[in-house]
Amino acid sequence: MNGVVPSIRVDLQLIADMVEPSSSVLDVGCGDGALLQYLWKTKGVDGRGIELSQAGVNASVRNGLSVIQGDADTDLKDYPSDAFDYVILSQTLQATHNPRTVLDNMARIGRRSIVSFPNFGYWRVRMSLAWSGRMPVTENLPHQWYDTPNIHFCTIRDFVTLARDMNLHVERGLALNGKGRPMGVNATGALANILAEQAVFLLRRA
Amino acid sequence: MSATENISLPGQCIELGGNGKLRLDCGVELGPFPFAYQTYGELNADKSNAIMVCHALTGDQFVAETHPITGKSGWWGQMTGPGKPLDTDRYFIICANVLGGCLGTVGPKETDPATGKPYGLNFPVITIADMVRAQKLLIDHLGIEQLFAVIGGSMGAMQVLDWAARYPERVFAAIPVAGAARHSAQNIAFHEVGRQAIMADRDWHGGDYLSHDTTPRRGLAVARMAAHITYLSETALHRKFGRNLQDREALTFGFDADFQVESYLRHQGITFVERFDANSYLYITRAMDYFDLAAEFGSLPAAFENTPVRYCLVSFTSDWLFPTPESRAVVHALNAVAANVSFVEIESDKGHDAFLLDEPEFREVLGGFLNGCAEHKGLNRL
């Protein structure tokens, strides 16, 4: 654990803060491995990653991280139950084909799950659809409807409802603004569902 | 006579199986027998920096030096040396000639102590596991408790997987490159073509050609030509040769090597005969055919149950001999036991041979993975 301590995006920092030192983590959709690298360097976390893009995988492995090319929808089923302390899904849920199955597998593989996602209930998104009558394109959701990888958007309320249906207990929740900073509103409340641009939840099996 | 005889080889050769013979999968007990290996770099004080390189079917222990027979540079010279991924300033690199080989380690061309004549087909059929057992005896001999890494491509990757499955506590990191946990039907089929070519050569003499002072050159050359095609990709062959003619302006309407690709393959065949023993080719291809980790351990995940080893699998996009799904099957098995595994597929159009060639991304991934492992193991720089 030597070398320079890396700095990471604010929303990743908030996820990292939810992880206990020296724990084991599976980061699903780990991108270039920034979060795993940070968790290893600062908390001695035993991390693994799955990433769809080969470029991301190769960059991660070049940095000494344990990452495989794989897909959250199809490859989580291979992992045994309770294999990790945390399974993390950061800004990826909305791009999966079957979000409920993905969450189900995460809850099975990890003792805790950490999920971050863009909130489709955010007021600007609602306004965009209400006033222009077009699918919203914002700084954090920059894709047009026809080329977006995001096929399963949800609101915070949708997510909290699903978690309850799946018997997952919300241990912590953070409502975040567009810059990924916490907003100091109750993350499961009605206000967060309107004001927050994204959210992070720490879940465990109830 | 075989060209590989009566040459003083660089490197070292020890006697294994002297006290306690090596029990082979076929039931035969072998020993004492010569085992040749080469090393690069220095073993550190606590013997924690050793990397075992496992060579492929027709490779040998001369990883990073001019080959004593062919005069060509080492087969993984671009990977091995100061500042390279297999950094000889940092790691102690060991590569042994496999059991059944023909460059110093006991194989069918060596003398059978029981008869005083070359083994020929009296040499026992060996397996990938037998090769690994012999390498483990070498590690014991060198007093190395745990290898920092075991790495190899193709048949070398089979040995790496076998090492990790058989001696998990003796391996910190395993890097199977362009390999598989079993030899596919298609691969067995190609090997059978090669073996039949050798055995159809009348100079083979039922495997006893050394007594007849000859060697099945044509058969072995044809075996090599057929195999060589499987190491390349269609794209690579086309780029290199296309339909270009060899030293001529027009087709000759005969069966001389009109095309460059024919001339190239013939050259590959002829030069191979100079450095390889035909019976060794039979035995080693057989060992690959027999390899099936899942069959031995009951299932592939069972082979890696509770494994403490850190894995990095590498495949190449255009490799159709050991295609990516073979590596992916191993990754899935390792995931099923929550092993620490990395897996990269390198974009290359050079086919199976890509693992031997200078592929910058492969080099960087390998260097990065080893660096990460060194950090996790607390392996200090020398």
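This is a predicted model: local features need pLDDT of at least 70, side-chain atom pairs count only at pLDDT 80 or more; totals for chains, interfaces and linings use all residues.
In terms of who touches whom, 22 residues of chain A are in contact with 25 residues of chain B.

Let's look at how the two chains hold hands. There are twelve residue pairs in polar contact between chain A and chain B, counting pairs with both residues at pLDDT 80 or more. Now, which parts of chain A do the touching? Helix H2 (34–43), strand S2 (46–51), H3 and strand S3 (66–69) of chain A each bring at least two residues to the side that touches chain B. The largest share comes from H3(A), with five residues.

H3 of chain A, residues 54–62, meets helix H11 of chain B, residues 360–377: their axes come within 7 Å and cross at roughly 45°. That angle makes H3(A) oblique to H11(B). On the H3(A) side, the contact uses Asn58(A), Val61(A) and Arg62(A), and on the H11(B) side you'll find Glu361(B), Glu364(B), Val365(B), Gly368(B) and Phe369(B). By class, that contact has three nonpolar, two polar and three charged residues.

Next up, charges. Side chains of opposite charge can pair when their charged atoms come close. Over all chains, the whole structure has 31 salt bridges, and between chain A and chain B the count is three. What is the partner of Arg62(A) in its salt bridge? Glu364(B), with the closest N and O atoms 3.6 Å apart. Arg62(A) sits in helix H3 of chain A and Glu364(B) in helix H11 of chain B, so this pair joins two chains. There's also a salt bridge between the side chains of Lys41(A) and Glu375(B), at 2.9 Å from N to O.

Most residues other than glycine have a negative phi, and most peptide bonds are trans. Asn167(A), though, has a positive phi of about 65°, and it isn't a glycine. You'll find Asn167(A) in the loop between helix H7 (156–165) and strand S6 (168–176) of chain A. Over in chain B, Gly31(B) and Pro32(B) are joined by a cis peptide bond, with omega about -5°. Pro32(B) is in a loop as well, the one between strand S3 (29–30) and strand S4 (33–40) of chain B.

Methods:
Residues are numbered from 1 along each chain as its sequence is written. Chains are lettered from A and ligands numbered from 1 in the order in which they are written. Side-chain values use heavy atoms; hydrogens and water are left out. Axes are lines fitted to C-alpha atoms, for helices over the stretch in contact, and angles run from 0 to 180 degrees between N-to-C directions. Helices (H or I, at least four residues) and strands (E, at least two) are DSSP runs, numbered from the N terminus. Angles under 35 degrees count as roughly parallel, over 145 as roughly antiparallel, 65 to 115 as roughly perpendicular and the rest as oblique. Contact means heavy atoms within 4.5 Å. Ala, Val, Leu, Ile, Met, Phe, Trp, Tyr, Cys and Pro count as nonpolar, Asp, Glu, Lys and Arg as charged, and the others, Gly among them, as polar. A salt bridge is a side-chain nitrogen of Lys or Arg within 4 Å of a carboxyl oxygen of Asp or Glu. A polar contact is a pair of N or O atoms within 3.5 Å; within protein, one must be able to donate a hydrogen and the other to accept it, and residues adjacent in sequence count only if both atoms are side-chain atoms.
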